[in-house]
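Hello,

Here is the structure I promised to pass on to you. Please open it first, and then read my notes below.

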Amino acid sequence: MRASITVKPKTDIETIFPYCDKVDQVLIMTVEPGFGGQSFMPDMIPKIWSLRKRFPKLDIQVDGGIGPDNITQVSEAGANVFVAGSSIFNAASPKDAISEMRRLAEAGLAKKKWLNN
Ligand SMILES: O=C(CO)[C@H](O)[C@H](O)COP(=O)(O)O
């Protein structure tokens, strides 16, 4: 079993810091939870940086409007688990969309930018 905490957009990331060493994963919502097809909220990116710097081994998941246009940004910030609905199911080739996002995410994570920012 894996334990996880989910953080909604209006919740400060610092609120959960005391519990992060007790869970396997934190899900940072990048839209208000409710339904697919919403626009990614770029102002959630600093939460990812902040969490990754403090917890280098934590799984950090992002959910909401994730696609090829923003997966580089969120992976460079330290997100390593991605929920993508519309960007895959609305793509001409879902298979190609997944491959491209996987490539971009792996490249973003490989930079380990959070070590220097
Ligand atoms: O349910 C959601 C929010 O509550 C998710 O955002 C959704 O499942 C993912 O879809 P999309 O990639 O279209 O945002």
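Which strands does helix α1 lie across? Helix α1 (residues 45-54) lies across β1, β2 and β3, and runs at about 170 degrees to β3. Contact here means C-beta atoms, placed from the backbone, within 7 Å. Axes are lines fitted to C-alpha atoms, for helices over the stretch in contact, with angles from 0 to 180 degrees between N-to-C directions. Helices (H or I, at least four residues) and strands (E, at least two) are DSSP runs, numbered from the N terminus.

Two notes on the source. This is a predicted model, where local features need pLDDT of at least 70 and side-chain atom pairs count only at pLDDT 80 or more, while totals for chains, interfaces and linings use all residues. Residues are numbered from 1 along each chain as its sequence is written.

Now the sheet. The protein chain has 4 helices and 4 strands, in the order β-β-α-β-α-β-α-α from the N terminus on. The 4 strands make an open sheet, ordered β1-β2-β3-β4, with parallel pairing; strands pair if DSSP finds at least two bridges between them. At the edges are β1 (4-7) and β4 (81-83), each pairing on one side only. From one strand to the next, the twist averages 20 degrees. Between β2 (residues 25-29) and β3 (residues 59-63) there are 5 bridges, and Leu 27 has Gln 61 in β3 as its bridge partner.

Finally, the C-alpha atoms of the protein chain fill a box of roughly 45 × 30 × 30 Å, taken along the principal axes.

Enjoy exploring!

Conventions. Contact = placed C-beta atoms within 7 Å.
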